[in-house]
Amino acid sequence: MNIPLTENRISLTVNGTPVTLSVAPMRRLTSVLRDQLGLTGTKVGCDAGDCGACTVLMDGKQVCACLVPAAQADGAEIVTVEGLALDGRLNALQQAFHRHGAAQCGICTPGMLMAASALLATQRHPDRGQVEDALGGVLCRCTGYSKIVEAVMDAGGSATPVIAESGSAVGARIPRKDGIGKLTGAEKFGADDTPADALWLRAIRSPHAHARFTLGDLAAFTAAHPGVERVFTARDVPGSNSFGIYPDLKDQPVLADGYVRFRGEAVLALVGDRAVLERIADSDIPIDWTPLPALSGTIAAMAEGAPVLHPGRADNVLIEGRVARGDLKAGFALAAVRSAGHFETGFVEHAYIEPEAGYARRIGERIEITACTQTPYMDRDEVAHVLGIAKHAVRIVPTATGGGFGGKLDMSVQPLLATAAWLLGRPVRMIYHRPESMASTTKRHPSRIDVEAAADAAGHITAFRFQGDFNTGAYASWGPTVANRVPVHATGPYKVGSALCTSRAIYTNDTPAGAFRGFGVPQAAIAHEAMMDDLALKLGIDRLEFRLINALRKGDTTHCGQTIAHSVGLDACLEALRPRWRQLIAENIAFNAQNAERRRGIGIGCMWYGCGNTSMSNPSTMRLGLKPDGRLVLYNGAHDIGQGSYTIMAQIAADAVGLPVDLVDQVYADTDLTADAGKTSASRQTFVSGKAAELAGLDLRAALLRLANAGPEAVLALDGPVLTITDGADIRRLDLREMPADQGHVLLGEGTFDPPTTPLDEDGQGVPYATYAFAAQIAQVEVDIELGTVKPLLIAAAHDVGRSINPMLVEGQIQGGIAQGLGLALMEEFIPGRTENLHDYLIPTFGDMPPIEIHLIEDVEPLGPYGAKGIGEPALVPTAPALLGAIRDATGAVIRQVPALPHRVRKAMREQGRPL
Amino acid sequence: MSDGRYLRPERLDEAVYALQGGGWTLLAGGTDYFPGRVIDQSSCDILDLTALPGLRGIADQGDHLRIGALTSWTDIIEAPLPPCFDGLKLAAREVGGMQIQNRGTIAGNLCNASPAADGVPPLLTLDASVELSSAEGVRVLSLSEFILGNRRTARRPDELMTAILVPKPAYPARATFLKLGARRYLVISIVMVAGVLEVTDGLVSAARIAVGACSAVAQRLPLLEAALIGQKADAALAERVTAAHLAGLAPIDDIRADAEYRLDAALVLTRRCLALLGNPA
């Protein structure tokens, strides 16, 4: 201990093993563990002590390894996540995490486990408060924390994980099939693996929101910086220097060509030795900038005389969306009451704990990208476009993806890595640092919404008008999806006598906005639910009952003219919540009668959400093989970003074929190995890919039954390689080893599903989605009247999921969605150039989440697998409206701009609320 | 990754001798250093203080307590300390998560001199002073003399902080600390208020109240403190607070709140602080 580190040599104990290393004294302990010792279970989320993903034990205490210089670890005893499992067996804490579904994407899990280990070392049976205090330094973006707290409190428990018998996998709370690696640190995320000889890539990004630039002498720069292998510019991109989600809207350059449209836009790609690249100051890069006035926000972008940011887009309008039905004027004329309002939301950052990362390598005339992503097949097509090569010459190998929420639907590292690896013929690696991730990747669209609604005396909505402007930032990304999806959802899940819903996506010089859990629907929901509250209050009808009067029901026709024949469970959701609603209202009245400084209120939010693409084909294909050894293999291209598609697809396929889910092995998404199952987005995987998995299972089952000439009711059983087919009294045994195998399978089933939709006409009439998820949530809050702070006390959520394939995972989606909805409502606001870290940009922590009660409503969707629909996005949509309604109920103040930060709440109370 | 000089002396005289040359960045728990090196990864010359003996822990020195510069927030939370330290302990629990509390040091918090440093208001209410050591010797500055502005202190480049000195209160003291932020854990304060009340025979014999994150440096409220002397020590103390008592504050608008709100919230929290101190549970 304490010997001066003249030789930069340190000795420490890691997971019980003494290690002596030569290391730069100020190297972060994270780097020592990950890069020198290969212990990549310790994750890096921010390098700033803000997220806690790198938590390890140092002499028994939890520390952020990113904040510990190597020299101070000399003599220390370090325990990482890799040190928890004993003899290859999960320890009690890890087992509890597994059984409770406490890991979703898994990127925060090592940090959670280590923080919990520190607690459990001194407190064998901690209470909830102790768990929250001890784990409060670790952020999770997926789970909403509930299941993590439960797991830590149950770490001493002895329950065994649920095992599903043959034919009963659907509906069973089995643990994640990909769960173990998330708990041991073995799972590889984007930053966790790389070829040993990979070069490093550093993007040089624009410090200006709008500027022209010229490049200086890059050859001289390269020569002056030994270790810099190459500097790539726009000119070097081999194919098209453009990418973007829509085939006709590839408007974002891989590397800007003399002109940048947002702060954080990539301008140059420096490739070479990592240590050299990281030390080059931006000011050393020979770029001559000419800043231009920046269009920040949609008002500036649409102002008269504003510069046109993209050729051919006058007024900077990227796209408009429209749905119109009925006679709006007549509808308003029928009104007994009407209300109007203006609402604004800001940028919201996905804040997945895993920054974008990966590597690329050229293999002959093919390119292979190994990176985190939500959409391997779209990445394949985009990389082919950028390199100017055929799609089949691109292989995308998704790593485990440490959260996505829509933010990893766009390319990030991929086009840069592909360009560099393709041209250099050497593997190239890139890991975004947190500020880079936040500055350069897409956000939730800020919105400015005007809404107006009317109801007759009986409480029926007679007219609904909605106009939303969405700031799509510098590039199109998913702007058209938002503009198209919003008008279809803007009325909320209600029958409306007449409607006119319009939207615009508008280019600005702000950070590109793209997909974020809900594609604009959460913003719209804030507006339509405020109108529902207004109308109900004006009519003197209870807010829940008002929604029930207007709720879409089976057989009703939407404002798109679509008659929904099946699976419309909103009324059931509302009825499930009604007893709690009434009880909380009574409780609040009693509480408020006794308290002046703090007032309680309750609010409600409803939503609907179309599963899959809007009026566009989005097929998935799944394959299920039977191998000679009696194992099933599911070729599962539905990439699991934490939501659970590597578990539920297996459950569905197993039940469809009629064999135990434990027999299902999987080949995970890989564009060379799995069929296209589309993107993990739009709440489509359970519904679309799940149906494909069911069809694949049924296809395999049919083939097996044909072999045995058995009827449809026959029962299958596998005992190793021996398949028994029991059809009434007929029992037939097949030894699979004796059957001819093709590519390792004796039989292969395949299923494809594309949800049936139709194009929308100019009034938005048609069938935009094959099915809709429905939900209602209620929230109880306590508002500190003097400070304007809002404490959520309870959220009760009722979700019509059609059929819950795995209730534990569905609950996890709901809890995590609610956490993001709570963040949207109360604390999250991305400001370009200002909140590009996880201490200025706030997401909910352990201590911010109220208890959540969940009601799963199963109004089966005949098109879905075993009746199932999506849950990913629906979970978050109703939360903010419910919380805002509760603030209003408590204070009388309508919050028209989120997040409802304390100063905004207090200002709103002063301006419109009850006297303070 | 540093290519700069790195020194981790084991004796204070070695450390202060090295500091004479100047140009060193002092390092303790690293909880401020590394977050400042996420984008800018250039190296600097590091003098790592963590191997210096005798700088960690809290010692009773008769009329005062001496808190070693390397004492961590967790050390403070876990130490048996008199009630006047209750506010400091509460603040310690608000410094980041436990990971930060285990590594971050009290001296680092003061030397970093953030306007939102959680440690400053409670230490101001403890009338703390800081001990600075250099080759020339030792000097002691009151905390308010030490912190000069936003990230500016009176520490000379050749000095290092070796201790925080806290005089024992003359009379039985109560203390508390209130923090307002937009989330529960890991949050930079919008406003914070610390208070210490010394009480004899049910009357306030001394009061020290400080507000943080409402000016470049946390401020004591001397007018309020004077107005509290001799008052009955009960929850009604809260009613003594007026807006004029906060006249010395100069809050700013930023992403967390606007200035007007900060001032209002400071008033509310000051009243609540006094209500708690006047009516301890």
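Let's start with Tyr145(A), which is buried, having 28 other C-beta atoms within 10 Å. This is a predicted model, so everything here comes from computed coordinates. The backbone at Tyr145(A) has a phi near 75°, a positive value in a residue other than glycine. You'll find Tyr145(A) in the loop between H4 and helix H5 (146–153) of chain A. For background, most residues other than glycine have a negative phi.

Phe405(A) is another case: its phi is near 60°, again positive in a residue other than glycine. Look for Phe405(A) in the loop between S16 and H12 of chain A. Is Phe405(A) buried or exposed? Phe405(A) counts as buried because it has 30 C-beta neighbours inside 10 Å, and the cut-off for buried is 20 or more.

## A cis peptide bond

Now for a peptide bond to check by eye. Going from Val898(A) to Pro899(A), the bond is cis, with omega near 0°. Pro899(A) lies in the loop that runs between helix H21 (879–891) and H22 of chain A. As a reminder, most peptide bonds are trans.

## Helix H11 and its surroundings

Helix H11 of chain A covers residues 376–387, twelve residues in all. At 1.5 Å a residue it should span 16 Å, and its end C-alpha atoms are 16 Å apart, so the two agree. Just after H11(A) comes Gly388(A), with a positive phi of about 70°.

Which residues of H11(A) are buried? They are Pro376(A), Tyr377(A), Asp379(A), Arg380(A), Glu382(A), Val383(A), Val386(A) and Leu387(A). These buried residues pack against three elements of chain A: strand S15 (366–371), strand S16 (394–398) and helix H12 (414–424).

## Two helix pairs to compare

First up are helix H3 (residues 109–122) and helix H4 (residues 128–135) of chain A, whose axes come within 9 Å and cross at roughly 125°. H3(A) and H4(A) are therefore oblique to each other, and H3(A) passes H4(A) in a right-handed crossing. On the H3(A) side the contact uses Met112(A), Ala115(A), Ala116(A), Ala118(A) and Leu119(A), while H4(A) brings Gln130(A), Val131(A), Ala134(A) and Leu135(A). Sorted by class, that's eight nonpolar residues, one polar and no charged ones.

Then there's helix H16 (residues 543–550) with helix H17 (residues 570–594), also in chain A, packing at an angle of about 165° with axes 10 Å apart. That makes H16(A) roughly antiparallel to H17(A), since angles over 145 degrees count that way. The crossing of H16(A) and H17(A) is left-handed. Leu544(A), Arg547(A) and Leu548(A) of H16(A) meet Asp571(A), Leu574(A), Leu577(A), Arg578(A) and Trp581(A) of H17(A). By class, the residues of this contact are five nonpolar, no polar and three charged.

## Where chain A touches chain B

How many residues does each chain put into the contact? Chain A gives 52 residues and chain B gives 39. On the chain A side, strand S4 (61–64), helix H8 (274–279), helix H13 (434–440) and helix H22 (902–912) each supply at least two residues. S4(A) gives the most to that side, with four residues. By class, the chain A side divides into 25 nonpolar, 14 polar and 13 charged residues.

Note on methods
Residues are numbered from 1 along each chain as its sequence is written. Chains are lettered from A and ligands numbered from 1 in the order in which they are written. This is a predicted model: local features need pLDDT of at least 70, side-chain atom pairs count only at pLDDT 80 or more; totals for chains, interfaces and linings use all residues. The expected span of a helix is 1.5 Å times one less than its number of residues. A residue is buried if 20 or more other C-beta atoms lie within 10 Å of its own, exposed if 12 or fewer, and partly exposed in between; C-beta atoms are placed from the backbone. Two residues are in contact if their C-beta atoms, placed from the backbone, lie within 7 Å. Axes are lines fitted to C-alpha atoms, for helices over the stretch in contact, and angles run from 0 to 180 degrees between N-to-C directions. Angles under 35 degrees count as roughly parallel, over 145 as roughly antiparallel, 65 to 115 as roughly perpendicular and the rest as oblique. A crossing is left-handed if the near helix is turned anticlockwise from the far one by less than a right angle, and right-handed if clockwise. Ala, Val, Leu, Ile, Met, Phe, Trp, Tyr, Cys and Pro count as nonpolar, Asp, Glu, Lys and Arg as charged, and the others, Gly among them, as polar.
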